[in-house]
Amino acid sequence: MPEDDTGDKPLERTADSRWEVARPHGTSLSGVRMAGFRDRTAGGLDMRVLPQPAVIVVIGLGTAPITVEGAFGHRPLSGLVAAMSPGPARIRGEGVECVEVALSPRAAYALLGVSPLELDGSITAFEDLWGRHARLLHEQLADTASWQERLALTDGFLRRRAAKAPPMAAEVAATWDAIVAGRGRVRIGDLAASCGWSRKRLWARFSSQVGLTPKRAAMLVRFDHAARALLAGEPAGDVAAACGYADQPHLHRDVQALAGCTPGALAGLTASTGP
């Protein structure tokens with residue numbers, strides 16, 4: 001969906017904007033951002049799914065399904081859950097109207113109900129993950145016209161899940177925080193030493209609770225900063241240097257591995273092909 005901070009702002013309606021964007025007045029859950037989106041035009045959605053340091057949940061509200069295309073083929077879905085590094089994929093749809101929720105690794109571990117590893121670095125159907133509870137939420141959202149009521153329903157659904165949620169291990173949380181603070185430019189051996197665990201134990205616990213190895217997580221966080229800079233129009237050479245890549249070919253390899261395209265193609269993504 002369109003990039004949005006999903007902060008504590010009221011419903012936004014802009015007459016000349018393609019997307020109607022609804023933001024919640026407030027959210028009671030740490031590490032959770034949400035917003036509602038409605039395509040105001042007949043242009044249709046055609047968007048590349050980019051890896052990011054959050055698990056993304058999209059709950060479709062329109063009558064037409066959202067089609068996800070990737071290595072697994074074409075899947076029409078009423079809603080989806082995308083792992084942090086879902087592999088090259090595209091989302092297409094007509095008349096898209098949805099609620100989108102971004103979960104930090106801490107929130108994802110607490111709310112998914114399964115280890116993030118079970119997302120298998122892919123895109124999962126919303127109902128496959130949360131079953132009848134997902135179907136009920138989908139029906140409630142579709143029957144509600146008010147964006148703020150929809151966002152409140154979604155927040156309530158997540159709060160009920162959070163009430164029974166297990167906490168992430170403090171060492172895993174601290175390791176993730178260190179990776180984010182270092183913008184992905186960290187030494188993995190230092191991370192293990194700082195939390196008092198062996199490298200093997202950190203690898204296993206971190207992977208189970210975050211869904212990626214510490215090395216892959218650092219790669220993803222570094223890529224996220226690089227992708228934002230490329231999309232903002234900064235030259236690839238400058239991005240490589242600023243984001244800690246050894247050189248421009250190193251940036252090229254990581255972008256190709258994570259996004260399935262070149263830095264030039266990533267920089268060329270515009271609103272004409274999707275939000």
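Axes here are lines fitted to C-alpha atoms, for helices over the stretch in contact, and angles run from 0 to 180 degrees between N-to-C directions. The model is predicted, so that local features need pLDDT of at least 70 and side-chain atom pairs count only at pLDDT 80 or more, while totals for chains, interfaces and linings use all residues. Residues are numbered from 1 along each chain as its sequence is written, and side-chain values use heavy atoms, with hydrogens and water left out.

**Exercise 1. Describe how helix α7 packs against helix α9, and classify the residues of the contact.**

Step 1. Helices (H or I, at least four residues) and strands (E, at least two) are DSSP runs, numbered from the N terminus; α7 covers residues 214-231 and α9 residues 248-259, and their axes come within 10 Å and cross at roughly 100°.

Step 2. Angles under 35 degrees count as roughly parallel, over 145 as roughly antiparallel, 65 to 115 as roughly perpendicular and the rest as oblique, and α7 and α9 are therefore roughly perpendicular to each other.

Step 3. With contact meaning heavy atoms within 4.5 Å, α7 contributes Arg216, Met219, Leu220, Arg222, Phe223, Ala226 and Leu230, and α9 contributes His250, Leu251, Asp254, Val255, Ala257, Leu258 and Ala259.

Step 4. Ala, Val, Leu, Ile, Met, Phe, Trp, Tyr, Cys and Pro count as nonpolar, Asp, Glu, Lys and Arg as charged, and the others, Gly among them, as polar; the contact of α7 with α9 thus has 10 nonpolar, one polar and three charged residues.

**Exercise 2. Is arginine 222 buried or exposed, and which residues does it touch?**

Step 1. Buried means under 20% relative accessible area, exposed over 50%, and partly exposed in between (1.4 Å probe, protein chains only); arginine 222, in helix α7, has 14% and is therefore buried.

Step 2. Leaving aside residues up to four places away in sequence, arginine 222 touches Arg183, Gly184, Cys243, Gly244, Tyr245, His250 and Asp254.

**Exercise 3. Work out the arrangement of helix α4 and helix α6.**

Step 1. The axes of α4 (residues 170-181) and α6 (residues 199-210) lie 10 Å apart, at an angle of about 85°, and the two helices are therefore roughly perpendicular to each other.

Step 2. From α4, Val172, Thr175, Trp176 and Ile179 meet Leu202, Arg205, Phe206, Gln209 and Val210 of α6, a set that divides into six nonpolar, two polar and one charged.

**Exercise 4. Characterise the surroundings of glutamate 20.**

Step 1. Glutamate 20 sits in strand β1 (residues 19-22) and, at 3% relative accessibility, counts as buried.

Step 2. Its side chain is joined to that of tryptophan 147 by a polar contact of 2.7 Å, a polar contact being a pair of N or O atoms within 3.5 Å, where within protein one must be able to donate a hydrogen and the other to accept it, and residues adjacent in sequence count only if both atoms are side-chain atoms.
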